[in-house]
Amino acid sequence: MSKYKGLKSSWFLIVLFLGIGIFMLGNSGKSLFTRAFSQPVTLDELDYSGEIEGTYVRTTVYGIYGAYSETVSSKTNSVKAREYVIDAGDYHYISLKARSGDLKKADALMEASFDYLDGKIDSDALEPYQFEITGTIQPLSSKSLQYYHEFFDWYQLDDEVKESILPYYVEIGEVAGMDNGTMWGLFAIGVAATGLGMFFLYNSLTGYERAVRKFLKSAPDSRSEERVRDFLSHTQELHGLQIDRNFLFMLVGGAGYYLDLPDHVVWMYKRITSHRYNGIPTGKTYGVNISFADHKQREITVKNEQQADEVIQALSSYCPRAIAGYSKDLDNLYQKNYNQFLELRYNQTGQS
């Protein structure tokens with residue numbers, strides 16, 4: 001059996017998980033990098049004569065002049081997000097986007113700001129409503145920009161005033177297009193997926209030799225490495241199985257390897273699993289389940305039922321003591337009274 005058969009069998013999972021991992025890490029990485037290594041500025045520090053898109057800001061919202069747009073859930077009829085107008089410093093204005101979790105404090109500051117502008121409260125009374133935001137400056141969408149301009153009676157303004165109304169927004173907590181929770185969620189998924197991909201890759205590349213070393217280590221006095229290597233080199237493979245009267249070597253689950261003695265096989269049966277999607281049959285998968293004397297079960301995955309039968313036949317030729325075939329009674333006995341299950345095995349025809 002090729003040392004790289006596991007790699008060939010599991011390449012899809014390796015590519016899938018590494019692809020998902022790299023994609024997730026790439027999407028969350030920009031936000032994470034910005035938060036970790038970029039120095040945020042306040043809105044007052046921005047140079048509005050230059051490019052400000054993508055600028056990382058951490059600033060205090062001192063007042064809100066009004067809201068010009070909101071997003072309402074069609075299911076609950078509740079407000080999911082709202083867009084406000086705030087002071088950007090140096091006589092400029094910018095849009096502030098708040099999601100549902102931040103609406104209460106934004107609305108409270110807006111109401112307090114109205115009271116301040118109407119002379120009902122002084123600046124000291126306004127201060128408790130002010131809050132700090134973190135985010136990156138992004139351009140408004142065409143629809144939001146339309147509502148934003150309507151708030152200011154855009155077409156009634158002269159060009160100088162229009163230049164002070166910046167066509168950008170800062171969303172609370174959104175850095176490089178991602179809020180903190182989403183960033184860490186995607187990052188965690190990316191790390192997990194990449195880890196799984198690397199695990200499958202490592203297992204596929206090293207599983208062959210690790211299985212051999214583990215087998216030899218378990219009984220170094222009675223198992224000759226030379227005999228094992230000769231068996232692995234000269235015994236013909238059958239659908240992920242190599243077997244003779246001395247050794248059994250198998251590809252487990254399409255990625256790992258397992259080496260043992262044929263006499264340690266206690267039970268074997270083929271497994272056919274039918275798959276459905278919304279009640280519609282989508283196919284079947286096939287395998288041969290093999291139970292060993294250590295009370296652990298391992299499975300060879302095959303392409304069809306004929307290959308499963310061929311593997312069972314080969315096992316039966318070299319493992320005459322093993323029980324062949326599946327039943328619920330056998331499974332219950334195996335799970336609940338293993339010693340009694342072994343007695344059935346010892347009474348098998350062919351016992352010497």
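I looked up serine 69 and found it in strand β2, residues 64-72. Strands here are DSSP runs of E with at least two residues, helices are runs of H or I with at least four, and both are numbered from the N terminus. The model is predicted, so local features need pLDDT of at least 70 and side-chain atom pairs count only at pLDDT 80 or more, while totals for chains, interfaces and linings use all residues. Residues are numbered from 1 along each chain as its sequence is written, and side-chain values use heavy atoms, with hydrogens and water left out.

Is serine 69 buried or exposed? I put it down as buried because its relative accessibility is 14%; the cut-off for buried is under 20% relative accessible area, with exposed over 50% and partly exposed in between (1.4 Å probe, protein chains only). Beyond its neighbours within four places in sequence, serine 69 contacts Arg82, Glu83 and Tyr147, contact being heavy atoms within 4.5 Å.

Next I checked the pairing of β2. Strands β2 and β3 run antiparallel and are joined by seven bridges; pairing requires at least two DSSP bridges. Glycine 66 has valine 85 in β3 as its bridge partner. The hairpin of β2 and β3 has six residues between the strands, and asparagine 77 there takes a positive phi near 60°.

Of its 26 residues, Ile64, Leu96 and Ile137 touch the most other members. Helix α2 gives the largest share, five residues.

Notes: A nonpolar core is a set of buried Ala, Val, Leu, Ile, Met, Phe, Trp, Tyr and Cys residues joined through side-chain atoms within 4.5 Å.
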